[in-house]
Amino acid sequence: MQLLHIDSAITGDQSVSRQLTARAVQAWVSAHPGTQVQQLDLAASVVPHLSADALGFRTGQAAATEAQRQENALSEALVSQFLAADVVVMGAPLYNFTIPTQLKAWIDRVAQAGRTFTYTEQGPKGLAGGKTVIVVLTRGGVYSTSEGGRAMEHQESYLKTVLGFFGITDVRFVRAEGVAMGPEAKAKALETADSEIRVAANQTAVAEAA
């Protein structure tokens, strides 16, 4: 079994999401001995945002310059790594009401027609199903308990949409909310997240949609 461990927080050792993704990976490996882990640190190995030179996988045009060849090779490496993974543990802190730009740049690279999705006469169809994705969400405030908070949050809702677009139905969210609201609130958030990690790492895989 191949597990891809993705971190996107830019705060290093101070990052709550990094602490929790490490715990999630450890819990998964403990529950599934023999799992091989690959790590992708999007803050240390920054994925460039898409540019005109990086659109080869979208336009179908062959690379004409060295810059285009390098961009194509990077996109191919990232999508191949993602497709090869049976399990993905993804750290996604809330930055300005959404995901980090580093994570968005990675998603833009792996969202490839013919690789992770396709369009049919019935509409879009995901091609990356069969995976389990554990998404660790961290938030300084609390957004899930009120209508106003949920309307402001474009982190969980976006990732649920894009992963579903890729055909992934087994998405397990771990939430740590209120981590910036004082020591007591942070401790409670981490305790809740730890409990959710144990469940996410041990639950039976969700059946793929027909």
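Let me begin with Val29, which is found in helix H1, where helices (H or I, at least four residues) and strands (E, at least two) are DSSP runs, numbered from the N terminus. This is a predicted model, in which local features need pLDDT of at least 70 and side-chain atom pairs count only at pLDDT 80 or more, while totals for chains, interfaces and linings use all residues. Residues are numbered from 1 along each chain as its sequence is written, and side-chain values use heavy atoms, with hydrogens and water left out.

Val29 is partly exposed, with a relative accessible area of 29%; here buried means under 20% relative accessible area, exposed means over 50%, and partly exposed is in between (1.4 Å probe, protein chains only). If we set aside residues up to four places away in sequence, Val29 touches Thr35 and Val37, and contact means heavy atoms within 4.5 Å. Val29 and Pro124 are 95 residues apart along the chain, and their C-alpha atoms are separated by 34 Å.

Now please look at helix H3 (residues 66–84) and helix H4 (residues 101–110), whose axes come within 8 Å and cross at roughly 90°. Axes are lines fitted to C-alpha atoms, for helices over the stretch in contact, and angles run from 0 to 180 degrees between N-to-C directions. H3 and H4 are therefore roughly perpendicular to each other, since angles under 35 degrees count as roughly parallel, over 145 as roughly antiparallel, 65 to 115 as roughly perpendicular and the rest as oblique. On the H3 side, Glu71, Leu74, Ser75, Leu78, Val79 and Phe82 meet Trp106, Arg109 and Val110 of H4. By class, this contact of H3 with H4 has 6 nonpolar, 1 polar and 2 charged residues, where Ala, Val, Leu, Ile, Met, Phe, Trp, Tyr, Cys and Pro count as nonpolar, Asp, Glu, Lys and Arg as charged, and the others, Gly among them, as polar.

Ser75, in helix H3, is buried, with a relative accessible area of 1%, and, leaving aside neighbours within four places in sequence, Ser75 is in contact with Phe57, Arg109 and Gln112. Ala105, in helix H4, is buried, with a relative accessible area of 1%, and, not counting residues up to four places away in sequence, Ala105 touches Val47, Pro48 and His49. From C-alpha to C-alpha, Ala105 and Leu42 are 9.1 Å apart in space, although they are 63 residues apart in sequence.

Next comes the loop between strand S3 (87–93) and H4, where Asn96 lies. Asn96 has a positive phi of about 50° although it is not a glycine, and at 71% relative accessibility Asn96 counts as exposed. Phe97, placed in the loop between S3 and H4, has a phi near 75°, a positive value in a residue other than glycine, and Phe97 is partly exposed, with a relative accessible area of 37%.

Finally, which residues lie nearest the centre of the largest pocket? They are Thr11, Val16, Pro93, Tyr95 and Thr138, out of 13 lining residues, and the lining divides into 6 nonpolar, 6 polar and 1 charged. A pocket, on a 1 Å grid over the protein atoms alone, is an open set of points where a 1.4 Å probe fits, with protein on both sides within 12 Å along at least five of seven lines, and lining residues have an atom within 4 Å of a point. Helix H1 (16–31) and strand S6 (132–139) each supply at least two residues of the lining.
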